[in-house]
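Good morning, and thank you for coming.

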Amino acid sequence: MTARIIDGKAVAAAIRDRIAGEVAGLAAAGVVPGLAAVLVGDDPASAVYVDGKERDCRAVRMRWLGVRLPAGTTQRDLHREIDRLNADPDVSGIIVQMPLPGGLDAVAAQERIDPAKDVDGLHPVNGGRLLRGDPTFVPATPLGCQLLLAEYGIPVAGANVVIVGRSQLVGRPLALLLSLRAANATVTLCHTGTADLAAHTRRADIVVVATGHPHTLTAEMIVPGAAVVDVGINRRADGSLFGDVDFPEVARVAGAITPVPGGVGPMTRAMLLANTLLAARRHAGIAG
Ligand code: NDP
């Protein structure tokens with residue numbers, strides 16, 4: 001078997017087009033969604049991520065507000081900036097780019113963001129709503145994984161889904177999302193304490209890998225026909241990217257698989273725009 005390649009780039013492009021159309025429609029009603037990104041310090045990788053978000057935002061004609069603070073910024077100054085953005089009616093969504101320089105408390109910064117503007121979905125209020133079963137802002141990567149499966153007609157309801165990695169950003173919210181009644185998957189969440197990872201992945205209809213470790217999933221760890229979603233991003237010495245899955249070998253056995261790059265990554269970016277659009281609609285009192 002050779003797996004169907006799940007083209008996240010194409011799906012994300014279609015979503016961006018749809019969002020651009022909705023932004024144009026809102027503009028006609030006098031509403032312009034705005035995303036503010038706070039970048040503290042001069043970590044080059046973080047700057048690249050923020051630049052990408054700015055490009056995405058401008059491409060769909062959302063308002064962009066980039067806030068760059070020096071590496072020596074204090075927690076109090078960071079909070080003051082977040083407070084300012086919370087109060088700015090032109091800002092629909094706020095993100096604080098991670099990681100923050102040492103000495104700054106990321107959790108406190110996330111909690112400072114108005115939950116109604118928390119388009120990264122990391123505020124405890126939004127985590128709590130997801131837990132309760134009526135999510136508003138779900139982190140972009142889990143949302144993107146769910147949408148990719150839906151776009152490719154891969155059944156989630158009733159499926160055994162094994163997620164490898166339990167981070168607050170990816171694995172745990174994805175486990176919650178797919179186990180909601182609306183999705184109806186049976187979810188197993190694995191991590192470094194899992195005794196026999198392969199025993200779990202071999203029972204899965206869908207495996208999602210988000211560990212940050214190459215070759216976490218190899219061909220003998222799945223059943224033929226399983227769908228594989230690779231969230232991981234690793235970098236070779238030449239700068240090229242690859243995932244957590246042994247792609248060439250797993251693709252011979254899987255039914256469908258996301259590549260890296262071009263799988264989950266573009267979806268994550270598109271879902272941040274979708275969350276910002278949702279925030280703008282909600283602020284304007286328009287159902288979305
Ligand atoms: P974290 O480091 O926060 O979490 C990694 C998780 O994987 C932990 O729960 C860890 O377990 C688990 N883990 C690590 N190694 C193994 C293993 N060998 N077997 C089982 N579980 C393991 O990472 P993130 O969730 O933030 O990111 C994961 C990867 O996804 C990274 O490569 C990151 O760059 C990428 N990423 C990609 C995105 C995209 O848009 N494509 C977006 C976000 C992240 P334990 O809890 O026990 O330590």
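Let us begin with Val 107, which has its place in helix 4 (residues 106-112). A word on terms: helices (H or I, at least four residues) and strands (E, at least two) are DSSP runs, numbered from the N terminus. Val 107 is partly exposed, with a relative accessible area of 48%. Here buried means under 20% relative accessible area, exposed over 50%, and partly exposed in between, with a 1.4 Å probe and protein chains only. The C-alpha atoms of Val 107 and Val 260 are separated by 29 Å, and the two residues are 153 residues apart along the chain.

Before going further, please note that this is a predicted model, in which local features need pLDDT of at least 70, side-chain atom pairs count only at pLDDT 80 or more, and totals for chains, interfaces and linings use all residues. Residues are numbered from 1 along each chain as its sequence is written, and side-chain values use heavy atoms, with hydrogens and water left out.

Next, the domains. The protein chain is divided into domain 1 (30-114) and domain 2 (139-265), with bounds that come from an automatic or database domain assignment. Taken over C-alpha atoms, the centres of the two domains are 29 Å apart.

Which residues have the most contacts inside the largest nonpolar core? They are Ile 19, Met 62, Val 161, Ile 206, Val 208 and Val 231, in a core of 56 residues. A nonpolar core is a set of buried Ala, Val, Leu, Ile, Met, Phe, Trp, Tyr and Cys residues joined through side-chain atoms within 4.5 Å. Helix 10 (residues 264-283) gives the largest share of this core, nine residues. Because domain 1 and domain 2 both give residues to this core, it lies between them. Apart from it lies another core, of 20 residues, including Ala 198 and Met 221. As general background, nonpolar side chains tend to be buried together in soluble globular proteins.

Leaving aside neighbours within four places in sequence, Val 161 is in contact (heavy atoms within 4.5 Å) with Leu 178, Ala 185, Thr 186, Val 187, Thr 188, Ile 206 and Val 208.

How do helix 6 (residues 140-151) and helix 10 pack, and at what angle? The angle is about 110°, with their axes 8 Å apart. Helix 6 is therefore roughly perpendicular to helix 10. Among the residues that make the contact are Leu 143 and Leu 147 of helix 6, and Met 267 and Met 271 of helix 10. Axes are lines fitted to C-alpha atoms, for helices over the stretch in contact, and angles run from 0 to 180 degrees between N-to-C directions. Angles under 35 degrees count as roughly parallel, over 145 as roughly antiparallel, 65 to 115 as roughly perpendicular and the rest as oblique.

Finally, some backbone details. The peptide bond from Met 98 to Pro 99 is cis, with omega near 0°, and Pro 99 sits in the loop between strand 4 (93-96) and helix 4. The bond from Val 260 to Pro 261 is likewise cis.
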